[in-house]
Amino acid sequence: MRAIERIRGYVNAFGSSKRHRGDLGGWLGRRPQLLAATGIYESALLFSNRLDPKIKELAELKTAGLVSCEFCLDIGSALARGAGVTEQQMRDLPRYRDSEAYTELEKLVLAYAEAMTVTPAVGDDLAELRARLSEQLTKSQIAELAATVAWENQRARLNQSLGVRPTGMSDGAACALPEPRV
């Protein structure tokens with residue numbers, strides 16, 4: 001059932017895009033094997049349903065904000081709203097540690113996404129966060145979370161390097177913003 005809801009969210013988000021629709025497809029269409037591989041991995045994550053979609057969307061938004069991918073923030077915000085992420089949570093992503101908008105698990109997930117995204121990603125930091133996550137999540141959920149954050153890093157960095165622009169999926173609604181570099 002979660003997969004159907006997520007697919008519906010993607011259809012709604014892409015249906016609301018207003019501009020620059022062909023940016024990414026225009027690039028990946030030149031390399032059909034990369035387009036196919038991207039579709040396969042996207043589908044695998046879409047049908048991985050051990051982890052609450054809201055948790056996944058928060059982790060992806062945090063990652064996209066740290067990489068400053070405006071396209072990812074545009075679509076990610078639209079998908080996050082559909083998964084139950086609040087406007088306050090989107091606004092508070094840069095200061096999630098001090099925000100009352102998140103549960104302790106959500107803060108831990110955001111810290112994990114941040115630790116995976118910053119360069120260098122320090123193994124000791126990740127090991128400690130992974131141990132804390134294992135108190136609330138199963139190993140399969142942690143694996144799904146790690147794969148989700150790693151893929152969002154790939155997506156965001158690819159989109160940034162190719163100049164993929166936001167399409168307006170979040171126009172007129174709350175949208176997470178790029179985070180300042182520290």
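Let's start with helix α3. It runs over residues 32-46, so 15 residues in this predicted model. From its first C-alpha to its last, α3 reaches 21 Å. That is close to the 21 Å expected at 1.5 Å a residue.

Which residues of α3 are buried? They are T38, L45 and L46. Look down the axis of α3: its buried residues fall within an arc of 100°, so they line one face of the helix. Now turn to the face pointing away from that buried side. There you find the exposed residues P32 and I40.

Next, the core. The largest nonpolar core has 40 residues. Six names to remember are L61, L93, V109, Y112, L133 and L145, which touch the most other members. α4 (53-67), α5 (70-83), α7, α8 (123-133) and α9 (139-162) each supply at least two residues. Which helix gives the largest share? That is α7, with 8 residues.

Take L145 as one example. Leave aside its neighbours within four places in sequence. L145 is then in contact with L51, A59, V109, Y112 and L133.

Last stop, E106. This residue sits in helix α7, which covers residues 104-117. Is E106 buried or exposed? Its relative accessibility is 6%, and buried means under 20%, so E106 counts as buried. What does E106 touch, beyond neighbours within four places in sequence? Its contacts are K54, I55, L58, Q89 and A101.

Key. Residues are numbered from 1 along each chain as its sequence is written. This is a predicted model: local features need pLDDT of at least 70, side-chain atom pairs count only at pLDDT 80 or more; totals for chains, interfaces and linings use all residues. Side-chain values use heavy atoms; hydrogens and water are left out. Helices (H or I, at least four residues) and strands (E, at least two) are DSSP runs, numbered from the N terminus. The expected span of a helix is 1.5 Å times one less than its number of residues. Buried means under 20% relative accessible area, exposed over 50%, partly exposed in between (1.4 Å probe, protein chains only). The arc is that of the directions from the helix axis to the C-beta atoms. Contact means heavy atoms within 4.5 Å. A nonpolar core is a set of buried Ala, Val, Leu, Ile, Met, Phe, Trp, Tyr and Cys residues joined through side-chain atoms within 4.5 Å.
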